[in-house]
Amino acid sequence: TTTTTTTKATSAAAGKQPPFGTYPNAILRINAGGPAFTDSNGVSWGADAYFTNGLPIMVTTPVAIAGASDITMYQSQRYGPTGATLTYRIPVPTAGSYLVVLHWAEIYAGTAGVGLRQFHTRIEGTRVITNLDIFARAGFATAFRRWFVALVTDGELTLQFAHGKAENPIISAIEVYATTGVAAIPTIGSSSTTSTTTTITTTTAAA
């Protein structure tokens, strides 16, 4: 297992498909590339915001998404065109640790194959996923989620999606939660783990 020491961010768990959306202490939820909406659980998602670059894209005909109880957030994306690292700078109320949930689905037919889209994800300047291939991980039109705990010291949570081996980086939706005062971060099954705030296990974050 390869590890990178840092004081910026840490993998929160190794499980898949976390049951977020109604988790307490939400700071915000962003429907990347799309408008505000209320999901089937009555949870409000805000319109795309706090990006510094990139371009939005939305399907004209709804795509059925496997592995998700609500598909609205997967009908739009923000992507980073050639030469640009897609960046979000999200204000947070205080310095401290925040739970970050990132949502993706591969809905573009041109990248419906292994290796056709690969990009990196950085949180607070630390790479937490290398050459993410959504199709290889989840298949076509299937929800794929990863979550992390980020230590923010400057009042701004920075998320970056950078070009990797192929195509443009994308993001479908973002959730940010305060961890202060919460007894435990939800995890899935016995395979879920919580690492210290000084180590990112990159192979775990990308698993």
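Predicted model: local features only at pLDDT ≥ 70, side-chain atom pairs only at ≥ 80, totals over all residues.
Three strands make up an open sheet in the order β6-β7-β14, and the pairing is antiparallel. β6 (55-58) and β14 (170-171) sit at the edges with a single partner strand each, so one side of each has no neighbour in the sheet. Between β6 and β7 (residues 76-79) there are four bridges, and isoleucine 57 faces glutamine 77 of β7.

On to the rings: the structure has five aromatic pairs. One of them is phenylalanine 51 with tyrosine 88; the ring centres are 6.2 Å apart and the planes meet at 80°, which is over 60 and so makes the pair edge-to-face. Phenylalanine 51 belongs to the loop between β5 (44-47) and β6, while tyrosine 88 is part of strand β8 (residues 86-91), so the contact ties together parts 37 residues apart in sequence. Phenylalanine 51 is partly exposed at 33% relative accessibility, whereas tyrosine 88 is buried at 0%. Phenylalanine 51 also has arginine 78 over its face, 3.4 Å from the ring centre.

Tryptophan 104 and phenylalanine 144 form a tilted pair, with 6.1 Å between centres and 40° between planes. Here, too, distant parts of the chain are linked: tryptophan 104 is in strand β9 (residues 96-104) and phenylalanine 144 in strand β12 (residues 144-152), 40 residues apart. Tryptophan 104 is buried at 0% relative accessible area, and phenylalanine 144 is buried at 5%.

Finally, threonine 126 in strand β11 (residues 126-132) is buried, at 9% relative accessibility. Its C-alpha is 9.3 Å from that of glutamine 160, 34 residues away in sequence.

Conventions
Residues numbered from 1 in each chain as written. Heavy atoms only, no water. Pairing = 2+ DSSP bridges. Helix = DSSP H or I, 4+ residues; strand = E, 2+ residues; numbered from the N terminus. Buried < 20%, exposed > 50% of the residue type's maximum accessible area, 1.4 Å probe, protein only. Phe/Tyr/Trp six-rings, centres within 6.5 Å; stacked < 30°, edge-to-face > 60°. Lys NZ or Arg CZ within 6 Å of the ring centre and 35° of its normal.
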